[in-house]
Amino acid sequence: MISVFDLFKIGIGPSSSHTVGPMVAANLFLASLLKQTPLTNVIGLEIELYGSLAATGKGHATDTAILLGLLGHKPSTIDTRLTSQYLSPIFSDKQLNLSGDHTIAFDTERDIHWYGETVLPYHPNAMIIRARLADNTHYQQTYYSVGGGFVINGENAHNPDEDHGTPTIDSIPYPFNSAAELLEQCRQHDLSISELVLANELHYRSQEEVFAYLDSIWTAMQDCVTRGCENSGILPGGLDVKRRAKALYSQLCAEKDLPTTESDKLAAMDWIDLYALAVNEENANGGNVVTAPTNGAAGIIPAVMHYYRDFLADYSLDGARKFLLNATAIGSLIKQNASISGAEVGCQGEVGSACAMAASGLAEILGGDPAKCLNAAEIGIEHNLGLTCDPVGGLVQVPCIERNAMGGVKAVNAARLACRGDGQHFVSFDKVVETMKQTGEDMMDIYKETSRGGLAIYADNRIPTATHGVSVKYSQC
């Protein structure tokens, strides 16, 4: 089981795989480099980006994320309001201060290389960082950003059977590798999904530590929605996308006291849309968001949790914790058995996963037993199967922001539909996850976060410059 501490992370927009992951990789490289040699021995540095990291990296701020990581900043603690200030010496003076301790010459045009049509063997999101040393040697590392801010070192990727320090599934009280095993554990021990996940978390940490982390995640989600409802203007990147959450919030607040509001049975849907838009506009603006389970789908779980907070009578902080714990089990199963990476399986792995996680979490809040929760999760993925990742201009804006709003509404519907049933469903959650994985493998690469297909090629109604069936070269290095 992937821990809630790993699945939900406070990070920086606009992308968990293309921004958060590369920044984490840069942090890892610095730590690894320091074990080999003092920073004073470094005389130069090169960055190579491959596959999807290169194809949409500029729109996803991949290059600046790596640079910020090399400066010593971390996704969870960086002050995003000062990003331009941190980067200024690099662009104006062509100097990079490694970890804040050693300055080297660095030219972004010369030292960052983009190989968008070359995909390294393990994953489409690959990068190599190479330090040139004073003795005419170099030290380099390969990293794969596999989605949700998770990063795998190239050496580990090529030796998957080795033990890299990850706890084995047998070391937790209630192990599960599939939804069927999760359901059996819940039934055998008379536990809800959230209770089972909490018991596994408590195997490594105290209850106070787990609850404090869950509360910090929920607080960060609420703060993100608040900021999104306060900020207006045009999102960066050149598409001139206007932020809508602030105006929508004002409109919905003004309608609260109107007589027609009480007769509008779908008013809650407008608020779900608002919550999701607020989060994803903050994400697109490079602000602090919670990876849930990715940044591209970061608005769905907060939107559904805000729906629980604002529209259901029995909201409590304990309920919010149960929601996140339950969602952790679903996200863990998807990541282990398929993928949450848009570059690997398309947006079905991002929005589809978040929708399933939110649907299951809400189903438990609505009184659903584990079977109904898994039914809700299955519905959430099933009706996102085949969803492509086709960001216009390589930016996490169109269609990503609205796609989160739709995913939030769909998650609520999935939870309510499942809770009206008996927990039985023709296609199991395990089967639909397997189908999602297979669908992603069969999907053409132009529909998987490359901005070469789908909606991405119709920006501003111009004649598309990309062609369907673009070939992608696979490197054997």
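In which loop is Pro293 found? In this predicted model, Pro293 sits in the loop that runs between strand 10 (288-291) and helix 14 (300-311). The peptide bond joining Ala292 and Pro293 is cis, with omega about -5 degrees.

**Domains and their contact**

The chain is split into domain 1 (13-156) and domain 2 (179-459). Their centres, taken over C-alpha atoms, are 29 Å apart. On the domain 1 side 24 residues take part in the contact, and on the domain 2 side 25 residues do.

Between domain 1 and domain 2 an area of about 1,700 Å² is buried, and carbon and sulfur atoms give 51% of this area. Gly13, Pro14 and Thr80 supply 25% of what domain 1 buries against domain 2, more than any other three residues. There are zero salt bridges between domain 1 and domain 2. Polar contacts do occur: nine residue pairs (both at pLDDT 80 or more) are in polar contact between the two domains.

Several elements of domain 1 take part. Helix 2 (16-36), helix 3 (52-55) and strand 8 (138-147) each supply at least two residues of the side that touches domain 2. Helix 2 gives the most to this side, with four residues. By residue class, the side of domain 1 that touches domain 2 divides into eight nonpolar, 15 polar and one charged.

**Backbone features**

Most residues other than glycine have a negative phi, and most peptide bonds are trans.

| Site | Feature | Value |
|---|---|---|
| Gly13 and Pro14 | cis peptide bond | omega about 10 degrees |
| Ala292 and Pro293 | cis peptide bond | omega about -5 degrees |
| Ser99 | positive phi | near 55 degrees |
| Asp240 | positive phi | about 60 degrees |

Pro14, joined to Gly13 by a cis bond, is found in the loop between strand 1 (9-12) and helix 2. Gly13 and Pro14 also belong to the trio, with Thr80, that supplies 25% of the area domain 1 buries against domain 2.

Ser99 lies in the loop between strand 3 (95-98) and strand 4 (102-105). Its relative accessibility is 28%, so Ser99 counts as partly exposed.

Is Asp240 buried or exposed? Asp240 lies in the loop between helix 10 (207-230) and helix 11 (245-255). Asp240 counts as exposed because its relative accessibility is 60%, and the cut-off for exposed is over 50%.

Definitions and conventions: Residues numbered from 1 in each chain as written. Predicted model: local features only at pLDDT ≥ 70, side-chain atom pairs only at ≥ 80, totals over all residues. Heavy atoms only, no water. Domains from an automatic or database assignment. Contact = heavy atoms within 4.5 Å. Buried area = accessible area lost by both parts, 1.4 Å probe. Salt bridge = Lys/Arg side-chain N within 4 Å of Asp/Glu carboxyl O. Polar contact = N/O pair within 3.5 Å; in protein donor to acceptor, adjacent residues only side chain to side chain. Nonpolar A, V, L, I, M, F, W, Y, C, P; charged D, E, K, R; others polar. Buried < 20%, exposed > 50% of the residue type's maximum accessible area, 1.4 Å probe, protein only.
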